[in-house]
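Please read them alongside the structure.

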Amino acid sequence: MPGRLALIVLALAAPSFAFAQPADAPSPGAAASAPDPMAGHDMSTHGHDRSTSDGQGSPSTAHTGHDPEMKSGLGPYSMRREGSGTSWQPDATPMQGVHLAAGDWAVMAHGFVNVVHDEQTGPRGDTKGFSQSMAMLMANRRAGPGTLGLRAMVSLDPTMGKSGYPLVFQTGETADGATPLVDRQHPHDFFMELSTTYSIPFGDDGAAFAYFGLPGEPALGPPAFMHRFSGMRNPEAPLTHHWLDSTHITFGVATLGVSRGPMQLEASWFNSREPDQLRWNIETRRFDSWSARLSVNPVRALSMQVSYGDLASPEQLEPDVRVRRTTASATYHADLRDVQWASTIAYGRNRKTGPGVDSSEAAWLVESTWAFRDTHTIFARAEQVENSELFAHGDPLHGEAFRIRKLSVGYVYDFAKTGPLKWGVGGVVGFLSAPSRLDATYGSHPRSYMVFLQGRL
Ligand SMILES: [Cu+2]
């Protein structure tokens, strides 16, 4: 069973990170002398940031034995602000994963595995057991006048099979290179990110950076769903994925960005083609597309972005269709005494043009995750899409856009901690609504059910 394989990999990886737990009396050469990749950039000069995770404001406490708050590789702020790729999330977001120092490198490891039983009702529904997973290693060090960053992220999703998992009304990518995946979520590629960054500080609170990923994530959309706090406990991929964050695995991307205080402006050049059905390889293709994003974190709790991308040829099966994507999103993160509560609202629009294609389809997402003492987590997601990919070529309904709505509500109980790993069990129910003309195809009230075991690092 693929799920077991993912569990074994995560379990094997766990002991080697165990020494990275924050220690009050670190051994010489460990946390106490952890390199400061952004030395000279006093975090306390930024009103919207905290100097240390334990709330002690003096910057001198950050490196005297308490868990050093790892700095971003992209600019003079905490790594808390880093979402997926080069995206931003609120500064109030808790640090994920485990942190350690290895020579001159500050290293972070982070990951999850979900073992899922999935049932989608209705004539187009299906049932499947599968695992989803992600393991990420990030490392930053000073190099010359700036900071060098490396990031590797892999997933054992390809073990779920080329056709992914059942998810009614989901569309995007292909299992066989010939027909589109409909009512299924595609597996993510084994290599989700292999990227490098270099940033140079300027002024008191500015930085310029370059990012290269093969694969990587261009400056387009909010942080990807499995990386944002408001959605990361939910094993269901959002139906809005291909309107908001589907470019998170892009085989070839270069980004230049500049940030100053609470603002960041970026531009990316990249290969727009979505990953193909071969999920274990690295694909290369010329850079044919661009995107730009403005991100603003005006206060600790809030992060907002607007972005635009011109994707020359994203679809393997419709290479002549160009997609111009516009997205806007805001995430609010309340870090209270016992509660972490993150909510995201996002809007995306795909304008598609090509031979016989001229459409503009909008999507909305609102999602929220409320976690009490790292034990009880409640999450919900409401979405709406206008989807014209539900019927194959030749079907009379092919190309017609249908408004689909989904409300998912779920709960996870975290029952155990083994070293740095946390284990939870949970469930999520999704209620779908579609125009009654689709009743014959989908049934009148299709639902999505998942129960899952979740391991997190
Ligand atoms: Cu994806």
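1. Buried residues make up 49% of the 457 residues in the protein chain; a residue is buried if 20 or more other C-beta atoms, placed from the backbone, lie within 10 Å of its own, exposed if 12 or fewer, and partly exposed in between.

2. This is a predicted model, in which local features need pLDDT of at least 70, side-chain atom pairs count only at pLDDT 80 or more, and totals for chains, interfaces and linings use all residues. Residues are numbered from 1 along each chain as its sequence is written. The mean pLDDT (the predictor's confidence in each residue, from 0 to 100) is 86 for the protein chain, and 85% of its residues reach 70 or more. Over residues 1-67, pLDDT stays under 50.

3. The protein chain has three helices and 19 strands, taken as DSSP runs numbered from the N terminus (helices H or I, at least four residues; strands E, at least two).

4. Valine 253 in strand 9 is the bridge partner of glycine 213. Strand 9 also runs antiparallel to strand 10 (residues 263-270), joined by eight bridges, and glutamate 266 in strand 10 is the bridge partner of glycine 257.

5. The hairpin of strand 9 and strand 10 has two residues between the strands, and glycine 261 takes a positive phi near 55° there.

Notes. Contact = placed C-beta atoms within 7 Å. Pairing = 2+ DSSP bridges.
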